[in-house]
Amino acid sequence: MSLSNGNVHSVICNGGDVNKPFKIFVGYDPREDLAYEVCRHSILKRSSIPVEILPIIQSDLRKSSLYWRERGKFESTEFSFSRFLTPYLANFEGWAMFVDCDFLYLTDINQLTDLIDDKYAIMCVQHDYAPKESTKMDGAVQTVYPRKNWSSMVLYNCGHPKNRVLSPEVVNTQTGAFLHRFQWLEDDEIGSIPFVWNFLEGHNKVVENDSTTFPKAIHYTRGGPWFEAWKNCEFADLWLNEMEEYMKEAKKKIEE
């Protein structure tokens, strides 16, 4: 697997440049390979527009001399900081998305891209989130900071002049506060997306008889069913069903 092995979902594009698929960069961690594959599968299966899915793999970035910072003790994944290379990896052109691998998409990604507004440098779900747990995933330390989880799924206006600051040098040397709180931007340059596109399992709630609260993308931010400790988390059945479907399709491809 490498940064150049994106998969194009060849369908008719509903608007925009039909020759360029929408780029989706997914944070990749070897411990969560299955989560990445299921996330990818859930996007491709439902997408009505061309998409190109590209895993952000730290080892590949290091080989390419694009990433060299040492891992900090509070970094729970290998893509804690490499995610901010998204505009650079997209050649500072057009719009692209970054998303953590622990997402499950339940809705056509085209409904998300329809929300794009060129006046913003980035767009994301602006959570007010303070986790109660002290650990997450497979025992990683849970941290609390302003704008937590805002950076877990971001639509980047890669051609926006402000985003050109996100060079490899800056991503490798700036603080977590500068990057995760989007301190290279003014507040009015950050657009808001409905919370259902980054529905935090264990935090956000579905309101009965209110379809606007049902998740379009579930974020298993505390830990998903691929971790033993979280196998019974909320919406685990949806993820496991998607995993089974992915496994069957993968097995079929191998047999062919």
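This is a predicted model: local features need pLDDT of at least 70, side-chain atom pairs count only at pLDDT 80 or more; totals for chains, interfaces and linings use all residues.

Me: How many helices and strands does the protein chain have?
Reply: The secondary structure comes to 7 helices and 12 strands.

Me: And what share of the residues counts as buried?
Reply: 54% of the 256 residues in the protein chain.

Me: Helix packing next. At what angle do H1 and H7 pack?
Reply: About 85°, with the axes 9 Å apart. H1 covers residues 33-46 and H7 covers residues 236-255. Angles from 65 to 115 degrees count as roughly perpendicular, so H1 is roughly perpendicular to H7.

Me: Which residues make the contact?
Reply: From H1, Leu34, Ala35, Glu37, Val38, His41, Ser42, Lys45 and Arg46. From H7, Trp239, Glu242, Met243, Glu245, Tyr246, Met247 and Glu249.

Me: Switching to rings. How many aromatic pairs are there?
Reply: The count comes to 12 aromatic pairs. Phe79 and Phe98 have ring centres 6.2 Å apart and planes at 55°, so that pair is tilted.

Me: Where do Phe79 and Phe98 sit in the chain?
Reply: In distant parts, 19 residues apart. Phe79 is in the loop between helix H2 (58-63) and helix H3 (86-89), and Phe98 is in strand S4 (residues 95-99).

Me: Buried or exposed, those two?
Reply: Phe79 and Phe98 are both buried.

Me: What about Tyr220 and Trp226, how are their rings arranged?
Reply: Their planes are at 80° and their centres 5.9 Å apart, so the pair is edge-to-face. Tyr220 is buried at 0% relative accessibility. Trp226 is buried too, with a relative accessible area of 16%.

Me: Which residues do ring pairs link into a cluster?
Reply: Phe84, Phe178, Phe182 and Trp184.

Me: Tell me about Phe182. What is its phi?
Reply: Phe182 has a positive phi of about 55°, although it is not a glycine. Phe182 lies in the loop between helix H6 (176-180) and strand S10 (190-192). Its relative accessible area is 0%, so Phe182 counts as buried.

Me: Ser151 next. What does it contact, leaving aside neighbours within four places in sequence?
Reply: Phe182 again, along with Arg83, Phe84, Phe98 and His180. Phe84 and Phe182 belong to the ring cluster, and Phe98 is the partner of Phe79 in the tilted pair.

Me: Where is Ser151, and is it buried or exposed?
Reply: Ser151 is in the loop between strand S8 (140-141) and strand S9 (153-157). Ser151 is buried, with a relative accessible area of 3%.

Me: Prolines now. Where is Pro87?
Reply: In helix H3. Pro87 is buried, at a relative accessible area of 0%.

Me: What does Pro87 touch, not counting residues up to four places away in sequence?
Reply: Phe92, Tyr156, Cys158, Asn163 and Leu166. Asn163 is 76 residues from Pro87 along the chain, yet their C-alpha atoms are separated by 6.9 Å.

Me: What about Phe92, where does it lie?
Reply: In the loop between H3 and S4. Phe92 has a positive phi of about 50° and is not a glycine. Its relative accessible area of 14% makes Phe92 buried.

Me: Last one, Pro161. Buried or exposed?
Reply: Exposed, at 62% relative accessibility. Pro161 is in the loop between S9 and helix H5 (168-173).

Me: How far is Pro161 from Ala121?
Reply: 8.2 Å in space, C-alpha to C-alpha, and 40 residues apart in sequence.

Methods:
Residues are numbered from 1 along each chain as its sequence is written. Side-chain values use heavy atoms; hydrogens and water are left out. Axes are lines fitted to C-alpha atoms, for helices over the stretch in contact, and angles run from 0 to 180 degrees between N-to-C directions. Helices (H or I, at least four residues) and strands (E, at least two) are DSSP runs, numbered from the N terminus. Angles under 35 degrees count as roughly parallel, over 145 as roughly antiparallel, 65 to 115 as roughly perpendicular and the rest as oblique. Contact means heavy atoms within 4.5 Å. Rings of Phe, Tyr and Trp (its six-membered ring) pair if their centres lie within 6.5 Å; planes under 30 degrees apart count as stacked, over 60 as edge-to-face and the rest as tilted. Buried means under 20% relative accessible area, exposed over 50%, partly exposed in between (1.4 Å probe, protein chains only).
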